[in-house]
Amino acid sequence: MTKSDYEKLLKRIEKNISNTNKVENRLKLPAPDVTWEGKKTYLRNFIDFPKALRREPEKILQYLTKEFAVPVERIGDKVMFIGKRDPEDFTRLFQIYLKDYVTCQTCTSPDTKVVKENRISFLHCEACGAKSTLKLSLIHISEPTRLRR
């Protein structure tokens with residue numbers, strides 16, 4: 001094998017590897033379709049997110065309810081939130097959800113499923129077989145907690 005043949009093969013391998021590691025191209029989240037009526041925010045394409053993320057709509061709705069800390073009502077394929085929310089708020093939360101509850105921590109593949117074993121939820125990767133524990137909650141505490149005596 002000559003040096004030029006080797007370099008051609010190496011470039012071909014690099015090209016194939018760089019194409020397979022692009023999770024963003026495989027998993028495209030839809031842009032949030034948000035409308036406002038008074039002090040209510042409607043996410044009209046809510047049902048598209050559970051389909052794209054391959055998760056149960058109830059779990060995603062529970063996550064959004066907890067993060068926004070407001071009452072939520074599901075109306076068919078859309079969801080109504082109390083208060084005004086920007087589309088960027090939804091985009092940011094869906095990106096966090098994708099990182100914490102969908103993407104494999106080992107290989108960054110979105111091909112995962114949630115498996116519950118002995119009351120503990122695990123993220124099981126269908127691509128590499130890795131298994132990692134899921135965060136219980138994404139509530140961020142702004143002040144340090146103090147021990148009570």
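In which hand does H4 cross H5?

1. The crossing of H4 past H5 is right-handed. This value, like the others in this note, is computed from a predicted model.

2. Helix H4 comprises residues 57–68 and helix H5 residues 87–102; the two pack at an angle of about 120°, and their axes lie 11 Å apart. H4 is therefore oblique to H5, since an angle from 65 to 115 degrees would count as roughly perpendicular and one over 145 as roughly antiparallel.

3. On the H4 side, the contact is made by Lys59, Ile60, Tyr63, Leu64, Glu67 and Phe68. These residues meet Asp89, Phe90, Leu93, Phe94, Ile96, Tyr97 and Tyr101 of H5. By class, the contact of H4 with H5 holds 10 nonpolar and three charged residues, with no polar ones.

4. The whole structure contains seven aromatic pairs. In the pair of Phe49 and Phe94, the ring centres are 3.9 Å apart and the planes stand at 5°, so the pair is stacked; the cut-off for stacking is an angle under 30 degrees. Because Phe49 belongs to helix H3 (residues 48–53) and Phe94 to helix H5, the pair ties together parts 45 residues apart in sequence.

5. Strand E4 (residues 78–82) has pairing with both E2 and E3 to be considered. Strand E2 (residues 40–43) runs antiparallel to E4 and is joined to E4 by four bridges; Leu43 stands opposite Val79 of E4. Strand E3 (residues 72–75) likewise pairs with E4 in the antiparallel sense, over four bridges. Here the bridge partner of Ile75 is Lys78 in E4.

6. A three-stranded open sheet has the order E5-E6-E7, with antiparallel pairing. Its edge strands are E5 (112–117) and E7 (131–133), each of which pairs on one side only. Neighbouring strands of this sheet are turned by 35° against each other on average, with direction ignored.

7. Within that sheet, what joins E6 and E7? Strand E6 (residues 120–125) pairs with E7 over three bridges in the antiparallel sense. Leu123 has Ser132 of E7 as its bridge partner. In general, strands of a sheet pair through backbone hydrogen bonds.

Conventions:
Residues numbered from 1 in each chain as written. Predicted model: local features only at pLDDT ≥ 70, side-chain atom pairs only at ≥ 80, totals over all residues. Heavy atoms only, no water. Pairing = 2+ DSSP bridges. Axes fitted to C-alpha atoms, helices over the stretch in contact; angles between N-to-C directions. Parallel < 35°, antiparallel > 145°, perpendicular 65-115°, else oblique. Left-handed = near helix turned anticlockwise from the far one by under 90°. Contact = heavy atoms within 4.5 Å. Nonpolar A, V, L, I, M, F, W, Y, C, P; charged D, E, K, R; others polar. Phe/Tyr/Trp six-rings, centres within 6.5 Å; stacked < 30°, edge-to-face > 60°.
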